[in-house]
Amino acid sequence: WRLLDPGTCHPARDALRFGHPALSLGLLGVPGALVSGDPVATYVSAVVLQTLLAALAMTLLVWDWTRSVAAGLVAGLLYAFLPAKTGYALYPFHGDSAWLVLCLFFARRLFAGGGAWAAFGLVASAALQFAASFYPFLASVCLGLPLLAWLVVERNPQTLRVRWLAVAVVGVSLSALLVFAPFLGARGSVLGGRVDQVFASPDLLWPPRLTSWPCSLLALAGLLL
């Protein structure tokens with residue numbers, strides 16, 4: 001019940017609304033907290049699990065697309081250790097987009113005729129992506145919507161299970177409402193004084209700052225092919 005009240009910006013209530021959710025990273029920190037109880041060990045274990053999850057998620061997705069284990073492993077390693085994901089030791093949730101990768105996997109399975117497991121997997125992974133950080137969420141929208149349109153165009157009406165697709169749509173919508181409603185309610189509120197909004201410079205969005213040239217060229221080749 002105190003999920004939005006982590007203690008930052010005390011004595012403000014529901015202070016989580018003044019920053020990124022980072023709830024998904026917190027979930028990954030639960031095992032380390034239970035085992036050690038030490039905050040440093042918990043943080044390190046969460047970052048390690050985040051990197052491992054990213055590698056496994058991308059390996060699974062690319063294997064599902066290509067049925068090539070080698071392609072999956074290469075893609076998983078490239079993705080897990082991108083500078084954009086590993087370059088923010090203080091804010092690892094800024095690059096936490098592994099949940100989007102799982103969303104793509106479950107969405108493809110759902111449009112290929114998957115049932116309850118694909119629908120609930122899509123809802124869970126989408127909810128965890130919403131609860132990670134706003135930056136990867138925006139990236140997810142830019143990447144996810146065109147791929148969703150592609151899945152709709154390429155669907156097989158004979159195998160598509162509309163009931164579970166509807167369950168996924170409703171579940172993802174409710175997840176977005178639950179995560180973002182508190183943040184929308186905090187718009188315009190400040191803790192006193194002036195707040196200046198700072199945006200990233202355009203050069204941060206291009207190689208080699210955000211990623212590496214080989215990865216960018218591979219992504220471009222994939223789009224062209």
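At what angle do helix α3 and helix α6 pack, and how far apart are their axes? In this predicted model, α3 (residues 39–66) and α6 (residues 98–111) pack at about 25 degrees, with axes 9 Å apart. Numbering starts from 1 along each chain as its sequence is written. Because the model is predicted, local features need pLDDT of at least 70 and side-chain atom pairs count only at pLDDT 80 or more, while totals for chains, interfaces and linings use all residues; side-chain values use heavy atoms, with hydrogens and water left out.

**α3 with α6**
- Axes here are lines fitted to C-alpha atoms, for helices over the stretch in contact, and angles run from 0 to 180 degrees between N-to-C directions.
- Helices are DSSP runs (H or I, at least four residues), numbered from the N terminus.
- The angle makes α3 and α6 roughly parallel to each other (angles under 35 degrees count that way).
- On the α3 side, the contact (heavy atoms within 4.5 Å) is made by Leu53, Ala54, Ala57, Met58, Leu60, Leu61, Asp64 and Trp65.
- α6 brings Ala98, Trp99, Val101, Leu102, Leu104, Phe105, Arg108 and Arg109.
- Sorted by class, that's 13 nonpolar, no polar and three charged residues (Ala, Val, Leu, Ile, Met, Phe, Trp, Tyr, Cys and Pro count as nonpolar, Asp, Glu, Lys and Arg as charged, and the others, Gly among them, as polar).

**α3 with α4**
- Helix α4 covers residues 69–80, and its axis comes within 7 Å of the α3 axis, crossing at roughly 145 degrees.
- From α3, the contact includes Thr51, Met58 and Trp63, while α4 contributes residues including Val69, Gly72 and Tyr79.
- This contact has 11 nonpolar, five polar and no charged residues.

**Helix α7**
- α7 (residues 116–130) has 15 residues and reaches 21 Å from first C-alpha to last, close to the 21 Å expected at 1.5 Å a residue (1.5 Å times one less than the number of residues).
- Among its buried residues are Leu122, Val123 and Phe130 (buried means under 20% relative accessible area, with a 1.4 Å probe and protein chains only).
- The buried residues of α7 pack against α6, α8 (134–154) and α9 (162–185).

- Aspartate 5 sits in the segment before α1 (23–28), and it counts as buried because its relative accessibility is 19%.
- Leaving aside neighbours within four places in sequence, aspartate 5 is in contact with Ala12, Arg13, Asp14 and Ala15.
- Most residues other than glycine have a negative phi.
- Alanine 22, in the segment before α1, has a positive phi of about 55 degrees.
- Arginine 67, in the loop between α3 and α4, has a positive phi near 60 degrees.

Definitions and conventions
Helix = DSSP H or I, 4+ residues; strand = E, 2+ residues; numbered from the N terminus. Parallel < 35°, antiparallel > 145°, perpendicular 65-115°, else oblique. Buried < 20%, exposed > 50% of the residue type's maximum accessible area, 1.4 Å probe, protein only.
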